[in-house]
Amino acid sequence: MEQTELRERTPTVAVRPVTPRQRAATAARNGGEPTLEFAERVPYDVYTHASTLHGLQQTLSDDPGEMSFLMVSQIMELYFGLTRFELREAQRLIREDRVWDALAPLRRAGLHLEGLNAAWRGLRWMTPADFNRFRNLLGEGSGFQSAMYRHLEFVLGLRDPALIRPFRRQTEVHAELTATLAAPSLWDDVIALLARHGFDLPAALLERDVAVEHQADPHVEAAWVEIYADNGPDNHLRLLGEALTEVAEQFGDWRWQHVKAVQRTMGAKVGSGGSAGLAWLQRSMARVVFPELWSARTSM
């Protein structure tokens, strides 16, 4: 989904703009106290839809711990979407050769992933006994089925077409995932950028099927070794590499914390979604985001 489509699908927010002069006049009228009377809904709620957000927690049991599990899961979903938004903005700017401008959304994405990682702390209290009090009520529901997480993985270059199969009967969700899978990943766009900057990259790499997961290429690794050899403050490609490294590291930390959370709450039990649970997650850790940025460091 392009950003224009995202805006089109977002309901119009009836927030009345206020100028600095109007704010000052209101403060003077109120004697410095906040405004307490509004003609309709509170403007904060109009903008954030907070009342809607707080009505979305519908637990399946009477166990109080389930609320933590549900709400932390919803918070993570929001962070998945926010991080994906930032990465797609970075992609747009990279395609336009606006590398300096792309650094800002990449750095924001790294911070959002840091917030996503912090959300795991809200579940550190959960033991197997705690989880078992409501786990069966989840049926086959599993974080494995998060469509937005799949979008995030696909944008980062971790691609497996089989993982969109669960959404075949959700036609709109399936179509959006199919489109993300068919479009270049962020790493594909970075590799194309390096080629435009004169680095010797093979045509087969630049023309490959982007729906297939990228495999580390020695030419890309060599390009990053050369880029990092220049330590000058104006080396925008090196700064890009560091911003991407932060994103990859924070995302890797989230995946590792997911493994540890499953280990803490389930051990090696079969996953709720039918996977091997812990073993499946551990195997998935072998797939590296932006692989040449890491392998190149051996030769720097």
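**Salt bridges**

A: Start with Asp130 and Arg133, whose side chains form a salt bridge with N and O 2.4 Å apart. Keep in mind that this is a predicted model.

Q: Is Asp130 buried or exposed?
A: Asp130 is buried, because its relative accessibility is 13% and the cut-off for buried is under 20%.

Q: And what about Arg133, how accessible is that?
A: Arg133 has a relative accessible area of 49%, so it counts as partly exposed.

Q: How many salt bridges does the structure hold?
A: There are 14.

Q: Which residue does Asp189 pair with?
A: Asp189 makes a salt bridge with Arg95. Their closest N and O atoms are 2.9 Å apart.

Q: Where do those two sit?
A: Asp189 is in helix 10, residues 186-196, and Arg95 is in helix 5, residues 65-95. The pair therefore ties together parts that lie 94 residues apart in sequence.

Q: Buried or exposed, for Asp189?
A: Asp189 is buried, at 8% relative accessible area. Arg95 is partly exposed, at 40%.

Q: New topic. Which residues are linked in a network of salt bridges?
A: Glu89, Arg92, Glu96, Arg98 and Asp101 are.

Q: What is the N to O distance for Glu96 and Arg92?
A: The side chains of Glu96 and Arg92 meet in a salt bridge at 3.4 Å, N to O.

Q: What is the relative accessibility of Glu96?
A: Glu96 is at 41%, so it counts as partly exposed. Arg92 is partly exposed too, at 33% relative accessibility.

Notes. Residues numbered from 1 in each chain as written. Predicted model: local features only at pLDDT ≥ 70, side-chain atom pairs only at ≥ 80, totals over all residues. Heavy atoms only, no water. Salt bridge = Lys/Arg side-chain N within 4 Å of Asp/Glu carboxyl O. Buried < 20%, exposed > 50% of the residue type's maximum accessible area, 1.4 Å probe, protein only. Helix = DSSP H or I, 4+ residues; strand = E, 2+ residues; numbered from the N terminus.
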